[in-house]
Amino acid sequence: MLDLTKIARQMQGLSEHLAAETVASRQRLEIAQNLMVEATVRQKELVEIQEKWRDRLIFSVPTPVEPLNSCIDIPVPPKVHTVIATDGSQISPSHHEIAYCYLINIGRVVFHYGQGRYPLLDSLPEVFYRPEDLYVSRQWGIRVEEWMGYRRTVSEAIALAELVTSWVQSQTSPPNPLSVNGEGGQEKVPTLALVDGSLIYWFLEGLPGDACDRILPPILEAWEQIRLAEVPLIGYISASRSTESLNLLRLQACPHSTPNCVVNCGDADEKKPPCQVFDALRDPPFWLSILKPGQRTPLWKSTMRILNLYGETQTIYFCYVHVGSEIARVEFPAWVAENSTLLDRALSLMLGQIQKGYGYPISLSEAHNHAVVKGEDRARFFAFLEQQMIKAGLKNVGISYKETRKRGSIA
């Protein structure tokens, strides 16, 4: 039985802690706001400092490509447009099941607005059972479950590129009567390719080169197909905990004559560098105090080290958008960021998806719902697998004794 008296005392302590944290958060926000005002005046100088001392910094500082005090309104989406999204889920392998294998399920969504077309809502499953699929990662010390997650990222990108390419090709023959311009020629329907999560695959930094070569090149090739189709690509990040844009303010707060972190702040006994005067403040709450709903921050070019492998045309830019319900981080490749037409189209269609989804892109929600593998789906998968193995003439097919006892009960 719960001791409500003790719980009440603990809740009182929690309330006092939250009140103190609220005051501290407000103070950190005010410090960051003042530093932003100062940094806006010195923006060009700070960018030059960042470029000169980048290799000596112990934190990543992105490059702002627009004025820091920019609060840019996002255009209204056109009535006629298409949104394509993918998301993935999986069934992890288990030695106690019928067979040691895993499944990756990619949810696919294509929504057509103002065109009289049926949407696409389905999933694309793939079973991995060959030794080269199951055990290839062992040579790099990577667990199968971890490798499965990396493979899922590849499958999501490939599926997205296939959908985009198929849709763009379908617009050339036969012509769409709703997409005709004033000169009588056919005009492509504005389209957006959307994925859930970051386009900066930081997890690749810890992988051996051979392992990375099996993950990143197929993704970049899929992005190249999307680029050739002239469809903007966006990675949508909800509830971001990034501090990347605020790192520029750490240069402004640096008390040293030169921001050489290796020399000035390399003392292991020092708890934190002196530039962390607003430590624990994240990007979203900072920009929440500046942006209005429907506005975005200036564009930033990320300088994460892993992006050196992406190539110049595929390096990642980002901005923050006030979508009404939250401050979302939005990422896109350079070929989108450097094309104002594609960028405006992408952000307007994304914001439209958020409005239709009541705070979260509806296409991503549906892609997730079609990808997710529930408990009963997992059971049906292994039951179907058992039937097929028996049908193929295999004997002694069954789960382990441990799994049998776990599924039973004496109660």
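Predicted model: local features only at pLDDT ≥ 70, side-chain atom pairs only at ≥ 80, totals over all residues.
Trainee: Why is the contact of Arg42 with Glu45 called a salt bridge?

Mentor: The closest N and O atoms of Arg42 and Glu45 are 2.9 Å apart. The cut-off is 4 Å between a side-chain nitrogen of Lys or Arg and a carboxyl oxygen of Asp or Glu, so the pair qualifies.

Trainee: What makes Arg42 and Glu45 partly exposed?

Mentor: Arg42 has 24% relative accessibility, and Glu45 has a relative accessible area of 41%. Buried means under 20% and exposed means over 50%, so values in between are called partly exposed.

Trainee: How do you know that Glu156 and Arg152 form a salt bridge?

Mentor: Their N to O distance is 3.4 Å. That is within 4 Å, so the pair counts as a salt bridge.

Trainee: Why is Glu156 called buried, and what is Arg152 called?

Mentor: Glu156 has a relative accessible area of 12%, which is under 20%, so the residue is buried. Arg152, at 24% relative accessibility, counts as partly exposed.

Trainee: What makes Arg227 and Glu224 a salt bridge?

Mentor: Their closest N and O atoms are 2.5 Å apart. This again falls within 4 Å, so the term applies. Both residues lie in helix 5 (residues 209-228), 3 residues apart, about one turn of the helix. Arg227 is partly exposed at 30% relative accessibility, and Glu224 is partly exposed with a relative accessible area of 26%.

Trainee: How many salt bridges does this rule give, and which residues are linked in a network with Glu244?

Mentor: The count comes to 10 salt bridges. Arg329 and Glu331 are linked with Glu244 in a network of salt bridges.

Trainee: How many disulfides are found in the whole structure?

Mentor: The search finds 0 disulfides.

Trainee: What are Cys254 and Cys319 called, buried or partly exposed?

Mentor: Cys254 has a relative accessible area of 22%, which lies between 20% and 50%, so this cysteine is partly exposed. Cys319 has 0% relative accessibility, under the 20% cut-off, and is therefore buried.

Terms used: Residues numbered from 1 in each chain as written. Heavy atoms only, no water. Buried < 20%, exposed > 50% of the residue type's maximum accessible area, 1.4 Å probe, protein only. Helix = DSSP H or I, 4+ residues; strand = E, 2+ residues; numbered from the N terminus. Disulfide = S-S within 2.5 Å.
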